[in-house]
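Welcome, and thanks for taking a look at this model with us. Below is a short tour of its packing, its aromatic rings and a few backbone details.

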Amino acid sequence: MKDGTQRYGAWWGVWGLIVLTLAAVIITPIVIPSRSTEDPTRNDSVVVIGMSGVPWSGVDARTPHLAALAQAGAIANISVRTSAVTTCADAGWLTFGAGTRARGFASDDASCARANEVMATIDRSLEQNSATGSDHNNSHTSDAVPVPPAQGHGQDKAMGGSSDITQNDQASQNTGQNSQTSQDKSQTAGQNTGTSSSTEPIAQWVELQKRNRASSFHPQLGVLAHKIIDAGYSVAGVGPGAALALADHEGNPLGPIRSSGLVDGVASSAAEAYRQVKAAHLVVVDLGSAYKDSSPGNVVTAAFIPPGDISTATRAAVSRIDAELGRVLAEIPAGTDVIVMSVGDADRTTSRLQLYASARAPIAPVTGDDMADIDDIESQSVATSPATRQSALIRNVDITAEVLARFGISASGDIAGTPVRYETGGTSIAHLEDVSERAVMTRGCVGHFYTIFIVGAVLAIVNTARTIRRRRLGAHHVLSMYWVAALPVSSFLMNLVPWWHAQRYAAVSFFAMLFGCATVLGLIALRIGWRESRYGATFLAAITALTIGVDALLGSPLHSISVLGDQPQSGGRFYGISNAPFAIFAVAMLLVATQAVRVLSQRAEKISAPLGVGLIGLIAVIIDGTPAIGADFGGVPPFIIGFAVFALLAWGQKITWLRLLVIGLAGAAGAIGVAFLDWLRPASSRTHLGQFFESLRRGKAADIVLRKADQVITQVPWIGWLGAVIMIVLLVMQYRMVKRYGDGRVIWDTQLRRSFLAGVILLGCALLINDSGIVIPVIGGAYMALLWAVSAICSSRSRIPVSFHGASV
């Protein structure tokens with residue numbers, strides 16, 4: 001009677017947990033207040049000042065003008081990833097002009113030296129053209145730059161204000177005063193830019209076109225300038241970067257471009273050049289690069305080798321850039337919106353987050369006591385992006401969309417970015433430096449973590465299998481599997497403390513804390529598992545699923561910079577659940593569902609068991625796939641398919657090829673349905689799910705699919721494929737062990753076998769439809785092998801004919 005009452009209570013308890021969890025997952029995104037943000041201001045006068053190799057950690061007492069920008073406006077870190085591990089200046093400028101990741105002159109595995117040489121050649125050509133009275137300007141041959149008459153321009157608002165004016169209703173909302181101002185500006189632009197008699201395209205433009213046609217991102221070079229010109233505004237530039245950003249598809253800049261007078265890679269006469277073209281509506285200024293030549297890194301070295309400090313040479317170059325920036329800022333008319341950004345990295349080895357700042361002129365330099373506490377300078381507001389959902393973090397392509405938004409031009413179509421938005425309340429330079437430091441230190445620990453986890457999983461399982469055969473299984477063998485299985489969740493929990501503040505000893509600090517946390521969780525799981533059989537593995541799975549799920553619900557503060565997730569400088573996933581955490585989360589949810597089925601099968605098995613599995617799968621889909629939380633298109637079908645298979649098996653049905661086909665179609669329909677719902681939202685609010693549906697509607701979805709396939713095939717290092725092979729062998733060994741010892745030693749009960757099959761199908765499906773998806777079966781397979789094996793071993797203690805040494809834990 002007592003056992004029946006306990007089973008009855010457990011049955012209702014499991015249902016209560018499932019329902020409460022589902023309700024919490026649905027309600028949490030609704031009740032958590034969103035950050036208050038404002039759209040970019042409308043303005044018909046914008047100056048974009050760019051440089052390369054200038055992170056916020058390069059701002060110090062020698063850079064008063066960069067500090068002034070931080071104090072006067074909005075600031076953020078930028079992820080400048082294009083196609084390689086690090087970004088050269090030319091690729092950064094081309095990406096800005098295209099609004100999509102573009103390739104420069106340097107190949108992905110080459111130094112930026114050649115790219116910098118070409119940039120210097122372009123600047124010398126601009127200087128020669130200026131000396132002879134000739135500008136690059138898209139085949140126009142009049143004595144003044146012909147600027148199309150301005151269309152309706154919305155009234156300016158204060159920095160950080162919002163605007164509801166769209167491109168289609170500009171004319172109806174235009175005022176005579178604004179129209180006349182824009183007309184005068186256009187005429188003045190023509191008077192001040194000199195002659196324009198050359199149609200010579202940028203040197204090596206054909207090479208750039210060829211390289212970008214081969215890119216899986218298919219950038220359309222010159223989109224930004226074309227959109228500005230087509231809307232009735234004028235463009236002009238200073239320096240080679242501006243020439244690249246403002247060129248059309250044939251390499252002819254769409255406005256006058258002046259030389260910046262590069263000396264050792266840094267502009268020396270940008271202010272004088274800007275004075276000649278500042279009448280244009282959009283002026284782009286290239287101040288040069290703080291690049292220090294270095295051997296190119298790759299994915300493997302970046303994941304294993306911690307970065308060094310910013311070099312002395314780079315800091316000296318940044319100081320020179322700041323001095324020229326000050327002279328340019330002094331020339332900018334009051335009321336002009338100023339955007340300052342670093343478009344590339346300082347070397348070819350280490351990718352870092354770069355600086356971004358925007359403010360409205362005039363901008364006075366920081367002086368006096370403020371320079372002594374420069375790291376504590378607070379900005380007026382913080383820039384963010386719907387694409388990152390992280391405060392003070394944006395992407396390079398978002399700045400392209402921001403510039404267009406300031407002119408009231410839609411960024412849809414070929415622009416991959418979303419306009420930058422501004423959060424009320426400021427942040428400090430020190431905080432941005434801290435985020436960047438955490439990112440680079442985390443990146444240097446990634447390779448070591450993956451190696452420890454995968455090798456540890458293999459050794460723990462193989463060693464345990466050997467001890468079972470030799471009848472010498474001890475509690476320490478089981479603890480070793482628990483310890484390795486606790487590493488993923490521990491890697492997230494480590495980010496609750498600032499381990500990266502140990503600086504040169506940051507890696508030691510991280511792994512010491514990681515191993516300590518895994519040991520504690522492993523000992524707890526061992527004690528629970530020894531007393532309650534399978535509950536030890538379920539405890540680890542539950543704490544892992546809870547950590548990853550809650551983190552996703554709260555905006556991914558732990559995942560956004562983590563060894564198992566992504567790092568923002570790599571330009572991958574900024575929120576939600578990326579591939580490796582997805583594999584861990586999926587396997588953990590499956591094991592939790594397995595234990596739930598064991599309890600739910602005690603009453604109304606044919607209904608409660610499959611229904612419970614379905615609801616747990618629904619929780620996983622909501623967390624991973626809905627636009628408001630994870631927005632993971634590639635995660636929805638695997639979850640639907642994997643949990644549907646488990647639900648059918650829990651229902652007592654066999655899995656046939658026809659049923660698998662139907663389940664697969666249901667998974668695809670579910671993903672497309674979620675994307676469609678996201679597409680119904682305003683374009684500015686869509687995630688990449690809605691953007692994919694738009695591509696599907698426009699017949700361009702195949703390009704995305706092919707790009708994903710290319711990333712799976714070409715961008716996975718050999719060590720990844722080796723890990724996949726090892727994991728396949730490991731799973732085969734585990735399956736053979738189950739067959740051999742299932743009748744007398746290690747028992748896999750019915751639910752374990754069912755969920756194991758569902759897990760294999762889920763991971764296999766995820767491998768096929770996700771870019772860089774090979775990490776999913778490697779990480780997920782290792783994690784699943786550990787949890788399922790230790791769960792089976794602990795539940796089979798009475799049948800294993802061995803003495804458990806130290807079993808009195």
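Phenylalanine 511 counts as buried, since its relative accessibility is 12%. Keep in mind that this is a predicted model. Phenylalanine 515 has a relative accessibility of 30% and so counts as partly exposed. Both residues belong to helix 18 (residues 506–532), where they are 4 residues apart, about one turn of the helix.

**Aromatic rings**

The count of aromatic pairs comes to 15. One of them is formed by phenylalanine 511 and phenylalanine 515, a tilted pair at 5.9 Å centre to centre with 45° between the planes. These two rings also belong to a cluster, in which ring pairs link Trp483, Trp499, Trp500, Phe510, Phe511 and Phe515.

Now consider phenylalanine 582 and phenylalanine 639. Their ring centres are 5.1 Å apart and their planes stand at 75°, so this pair is edge-to-face. Because phenylalanine 582 lies in helix 20 (residues 579–600) and phenylalanine 639 in helix 22 (residues 636–650), the pair ties together parts that are 57 residues apart in sequence. Phenylalanine 582 is buried at a relative accessible area of 2%, and phenylalanine 639 counts as buried at 1% relative accessibility.

Rings meet charges here too. Tyrosine 575 has the charged end of arginine 389 over its ring, 3.9 Å from the ring centre. Tryptophan 11 has the charged end of arginine 603 over its ring, 5.0 Å from the centre.

**The chain as a whole**

Stepping back, the chain contains 28 helices and 13 strands. Of its 809 residues, 58% are buried. Among contacts between residues at least 6 apart in sequence, 79% join residues that are at least 24 apart.

**Helix packing**

Two packed helices are described by the angle between their axes and the distance between the axes. Two examples are set out here.

| Helices | Angle | Axes |
|---|---|---|
| Helix 8 (residues 223–230) and helix 14 (residues 396–406) | about 5° | 11 Å apart |
| Helix 2 (residues 64–72) and helix 12 (residues 312–331) | roughly 60° | within 7 Å |

How are helix 2 and helix 12 oriented to each other? Helix 2 contributes Pro64, His65, Leu66 and Leu69 to the contact, while helix 12 contributes Val318, Asp322, Leu325, Gly326 and Leu329. By class, the residues of this contact divide into 6 nonpolar, 2 polar and 1 charged.Turning to the other pair, helix 8 and helix 14 pack at an angle of about 5°. That angle makes helix 8 roughly parallel to helix 14. Leu224, Lys227 and Ile228 of helix 8 meet Thr400, Val403 and Leu404 of helix 14. This contact has 4 nonpolar, 1 polar and 1 charged residues.

After helix 8 comes glycine 232, with a positive phi near 95°.

Helix 14 also holds glutamate 402. This glutamate 402 is buried, with a relative accessible area of 0%. Setting aside neighbours within four places in sequence, glutamate 402 is in contact with Pro40, Ile339, Tyr356, Ser358, Pro419, Val420 and Tyr422.

**Backbone details**

Most residues other than glycine have a negative phi, and most peptide bonds are trans.

Alanine 361 and proline 362 are joined by a cis peptide bond, with omega about 5°. Proline 362 sits in the loop between strand 10 (354–360) and helix 13 (369–372).

Arginine 389 counts as partly exposed, at 23% relative accessibility.

Serine 556 is not a glycine either, and its phi is positive at about 65°. This serine 556 is found in the loop between helix 19 (535–553) and helix 20. Is serine 556 buried or exposed? At 0% relative accessibility, serine 556 counts as buried.

How values were computed: Residues are numbered from 1 along each chain as its sequence is written. This is a predicted model: local features need pLDDT of at least 70, side-chain atom pairs count only at pLDDT 80 or more; totals for chains, interfaces and linings use all residues. Side-chain values use heavy atoms; hydrogens and water are left out. Axes are lines fitted to C-alpha atoms, for helices over the stretch in contact, and angles run from 0 to 180 degrees between N-to-C directions. Helices (H or I, at least four residues) and strands (E, at least two) are DSSP runs, numbered from the N terminus. Angles under 35 degrees count as roughly parallel, over 145 as roughly antiparallel, 65 to 115 as roughly perpendicular and the rest as oblique. Contact means heavy atoms within 4.5 Å. Ala, Val, Leu, Ile, Met, Phe, Trp, Tyr, Cys and Pro count as nonpolar, Asp, Glu, Lys and Arg as charged, and the others, Gly among them, as polar. Rings of Phe, Tyr and Trp (its six-membered ring) pair if their centres lie within 6.5 Å; planes under 30 degrees apart count as stacked, over 60 as edge-to-face and the rest as tilted. Buried means under 20% relative accessible area, exposed over 50%, partly exposed in between (1.4 Å probe, protein chains only). A charge sits over a ring if NZ of Lys or CZ of Arg is within 6 Å of the ring centre and within 35 degrees of the ring normal.
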